[in-house]
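Hi there,

Here is the structure I promised to pass on. Have a look at it first, and then read on for what turned up in it.

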Amino acid sequence: MGLLKEFKEFAVKGNVIDLAVGVIIGGAFGKIVSSFVNDVVMPPIGILIGGVDFKQLKLVLKEETVNAAGEAVAAVTLNYGMFIQNIVDFTIIAFVIFMAIKGINRMNRKEEAAPAAPPAPPEPTHSEKLLEEIRDLLKKKEL
């Protein structure tokens, strides 16, 4: 029973929930960036290079064949175009995350740079005022 209770405490802690939310949002963000790269960035780059569709760039290692049973055996290809596209995806995601963390760190530094003013000393009580007056009178007599 102790192990179950310990697991519950672990799972309910904010860190695990924050991690789960981060993974879900990261997955959705990855889809958005992939769509941005595939549908917005790469087509103009392909046109500039000469009408190349990066998804179709590949090196055929072995052509498609037909086996003895008459079934087609798919070609063996090295899909370097998809690799280039994934590198662009990664670069954009890494840059956006870098900028977000840079912004968060800047906000945290501003909060740390403005320390709170020290609290004002408390107002002396009546007896403390009397003691201060006695002290001052004694100092005058010593002079």
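Let me start with Asp89, which lies in helix H3; helices here are DSSP runs of H or I with at least four residues, strands are runs of E with at least two, and both are numbered from the N terminus. At 8% relative accessibility, Asp89 counts as buried. For that scale, buried means under 20% relative accessible area, exposed means over 50%, and partly exposed is in between, with a 1.4 Å probe and protein chains only. The side chain of Asp89 makes a polar contact of 3.3 Å with the side chain of Ser34. A polar contact is a pair of N or O atoms within 3.5 Å; within protein, one must be able to donate a hydrogen and the other to accept it, and residues adjacent in sequence count only if both atoms are side-chain atoms. Not counting residues up to four places away in sequence, Asp89 touches Val33, Ser34 and Val37, where contact means heavy atoms within 4.5 Å.

Before going further, a word on the basis of all this: the model is predicted, so local features need pLDDT of at least 70 and side-chain atom pairs count only at pLDDT 80 or more, while totals for chains, interfaces and linings use all residues. Residues are numbered from 1 along each chain as its sequence is written, and side-chain values use heavy atoms, with hydrogens and water left out.

Helix H3 also holds Gln85. Is Gln85 buried or exposed? It counts as buried, at 3% relative accessibility. Leaving aside neighbours within four places in sequence, the contacts of Gln85 are Val37, Asn38, Met42, Phe54 and Lys55.

Now for the chain as a whole. The protein chain has four helices and four strands, and read along the sequence they follow the pattern α-α-β-β-β-β-α-α. The radius of gyration is 35 Å, well over the 15 Å that the globule rule gives for 143 residues, so the chain is more spread out than a compact globule. That radius is taken over C-alpha atoms, and the globule rule is 2.2 Å times the number of residues to the power 0.38. Along its principal axes, the C-alpha trace spans about 120 × 55 × 20 Å. Buried residues make up 6% of the 143 residues. Of the contacts between residues at least 6 apart in sequence, 39% join residues at least 24 apart. The accessible surface comes to about 12,300 Å², and 68% of it belongs to carbon and sulfur atoms; areas come from the Shrake-Rupley method with a 1.4 Å probe, and for residues only the protein chains shown count as cover.

Leu59, Leu61, Val76, Leu78, Tyr80, Phe83, Ile84 and Ile87 form a nonpolar patch with about 740 Å² of accessible area together. Strand E1 (59-62), strand E4 (76-78) and helix H3 (80-113) are the elements that give two or more residues to the patch, and H3 gives the most, with four residues. Patches are made of residues with over 30% relative accessible area and no salt bridge, with like charges joined within 9 Å and nonpolar side chains (Val, Leu, Ile, Met, Phe, Trp, Tyr) within 5 Å.

How many salt bridges does the structure hold? There is one, taking a salt bridge as a side-chain nitrogen of Lys or Arg within 4 Å of a carboxyl oxygen of Asp or Glu. Asp136 forms it with Arg135, and the closest N and O atoms are 3.4 Å apart. Asp136 is partly exposed at 36% relative accessibility, and Arg135 is partly exposed at 43%.

Finally, a few C-alpha distances. Leu48, in helix H2 (residues 14-49), is exposed at 75% relative accessible area. Leu48 and Asn67 are 19 residues apart in sequence and 41 Å apart in space. Ile45 is in helix H2 too, and Ile45 and Pro119 are 74 residues apart in sequence and 61 Å apart in space. Thr65, in strand E2 (residues 65-66), is twelve residues from Thr77 in sequence and 13 Å from Thr77 in space.

Best wishes
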